[in-house]
Amino acid sequence: MDLQRAFAPGAGAAAGGTSAQSGRGPATPVGVPPLDPELAVALAALGEAARQPFTPANLASRQARDAAARPRPTVRDLQADGRFEVAELRVPGVAGAPDVTLVSARPADTTGPLPLLYYLHGGGLLMGNAWSVLPRLLRDWGHPLEMAVISVEYRLAPATRYPGAVEDGYAGLVWIAAHAAEWGVDPDRIVLGGKSAGGGLAAALALLTRDRGGPTPIGQLLLSPMLDDRNDTFSSHQMAGHDTWDRTSNATAWQALLGDRHGADDVPPYAAPARATDLSALPPAYLEVGSAETFRDEGVAYADALWRAGGQAELHVWPGACHGFDTFAPGAALSRHALEARTRWLRRLLAPPGADGPPGR
């Protein structure tokens, strides 16, 4: 099957501007990076419906369909026959906002304060929940790295516009840092993390807590992060109608979050981290994108901006990967390599200064 024909040629080129308007992205890109063969097979098996773009017209029905279909494991499910201690917490939101739900989990056979992965789920700022991501996070990192994990149930757009989601993340972060001893986590070893929309929120949260003098994380794990509301990079044009999350879906999501502020000059970096002009004094970052992904160029640019500001960033551009590749094809070689790279970075980040790690760490 020709995967480049399988994606409907959506209205992506009409969303977010053209090269004539901004000079950033080409109106007619030349060529599209090929997909990794394993990913192409897995993506073809999903069928056409899974690759249709989000639009303002179909947004409400797509959100309802996702809410009905997306897994939401119970606390008992997440406990995995006693392997993990799990609790749902309701903590105060920012002034005037509702309480925030945090789902806390940690390996049951550990003692002492653990490092914490403070995680914000993906879903384009439109979908997802805090529970569905936990089984994989606990399997991949919670147990092997002896990490606690907290997943944030932040409010979704368009029902809640900016700054609702990032403020929910900040309120939860402040609360858990203040109650770290009670929940057995080390407030000096908090890693912010997220994928897609959650990766963008994690980057925004790193900026927000720096500027407010809040808890200081030791790292930010940014997986295919959604960073730039302007939606006008070369890769956003190049992959229009091709990626699993393309310019049309991206414009729909940013519009849902920002309303009339979408694309305006005064969008704050806590909404779209690519807008930040000061990336100094941020924690070390791990960034990854795919070569065949809408977010490729904004992720690469963010890593470069961190380096230019004197910061640390480890950047991976996975050849032939599209958005969400490791979710729909977790057994593919490229997905396994990506997991190994993320895990190595986390191990190095969490290791005590001067510690010698095992081979391949």
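The legends below describe close-up views of a predicted model.

Local features are taken at pLDDT of at least 70 and side-chain atom pairs at pLDDT 80 or more, while totals for chains, interfaces and linings use all residues of this predicted model. Residues are numbered from 1 along each chain as its sequence is written, and side-chain values rest on heavy atoms, with hydrogens and water left out.

**Figure 1. Overview of the protein.** The protein has 14 helices and eight strands; these are DSSP runs numbered from the N terminus, helices being H or I with at least four residues and strands E with at least two. Of its 361 residues, 55% count as buried. Buried means under 20% relative accessible area, exposed over 50%, and partly exposed in between, for a 1.4 Å probe and protein chains only. The exposed surface comes to about 14800 Å², of which carbon and sulfur atoms supply 54%; areas follow the Shrake-Rupley method with a 1.4 Å probe, and for residues only the protein chains shown count as cover. Among contacts with a separation of 6 or more, 76% join residues 24 or more positions apart, a contact being heavy atoms within 4.5 Å.

**Figure 2. The largest nonpolar core.** A nonpolar core is a set of buried Ala, Val, Leu, Ile, Met, Phe, Trp, Tyr and Cys residues joined through side-chain atoms within 4.5 Å. The largest one has 60 residues, and L102, Y118, L126, L192, L287, Y302 and L306 touch the most other members. Helix 9 (residues 197-212) gives the largest share of this core, nine residues. A second, separate core of 35 residues includes A42, L78, Y286 and W318.

**Figure 3. Surroundings of L126.** Leaving aside neighbours within four places in sequence, L126 is in contact with F54, L59, Q63, L156, A157, W245, A253 and A256. L126 is also one of the residues of the largest nonpolar core that touch the most other members.

**Figure 4. The largest pocket.** On a 1 Å grid over the protein atoms alone, a pocket is an open set of points with protein on both sides within 12 Å along at least five of seven lines; a cavity is a set where a 1.4 Å probe fits but cannot get out, and lining residues have an atom within 4 Å of a point. Points are joined across faces, edges and corners, and a volume is the space filled by probe spheres set on them. The largest pocket holds about 1300 Å³ of space. Of its 41 lining residues, D66, R70, G123, G324 and T327 are the closest to the centre. Helix 3 (37-46), helix 4 (59-69), helix 6 (134-142) and helix 13 (325-328) are the elements that give two or more residues to this lining, and helix 6 supplies the largest share, five residues. By class, the lining of the largest pocket has 18 nonpolar, 13 polar and ten charged residues. Here Ala, Val, Leu, Ile, Met, Phe, Trp, Tyr, Cys and Pro count as nonpolar, Asp, Glu, Lys and Arg as charged, and the others, Gly among them, as polar.

Figure 5. D66 lies in helix 4. D66 counts as buried because its relative accessibility is 16%. Not counting residues up to four places away in sequence, D66 touches M127 and G128.

**Figure 6. The largest cavity.** The structure holds three cavities of 30 Å³ or more, and the largest has a volume of about 100 Å³. Of the 16 residues lining the largest cavity, L125, L201, L257, Y270 and A271 are the closest to its centre. Helix 7 (164-178), helix 9 and helix 11 (247-258) each supply at least two lining residues, with the largest share, four residues, coming from helix 9. The lining of the largest cavity divides into 14 nonpolar, two polar and no charged residues.

**Figure 7. Two cis peptide bonds.** Another joins Y162 and P163, with omega about 10°, and P163 is found in the loop between strand 4 and helix 7.

Figure 8. A80, in the loop between helix 5 (75-79) and strand 1 (84-91), has a phi near 50°, a positive value in a residue other than glycine. A80 is partly exposed, with a relative accessible area of 24%. A281 is not a glycine either, and its phi is positive at about 55°. A281 lies in the loop between helix 11 and strand 7 (285-290) and counts as exposed at 68% relative accessibility.
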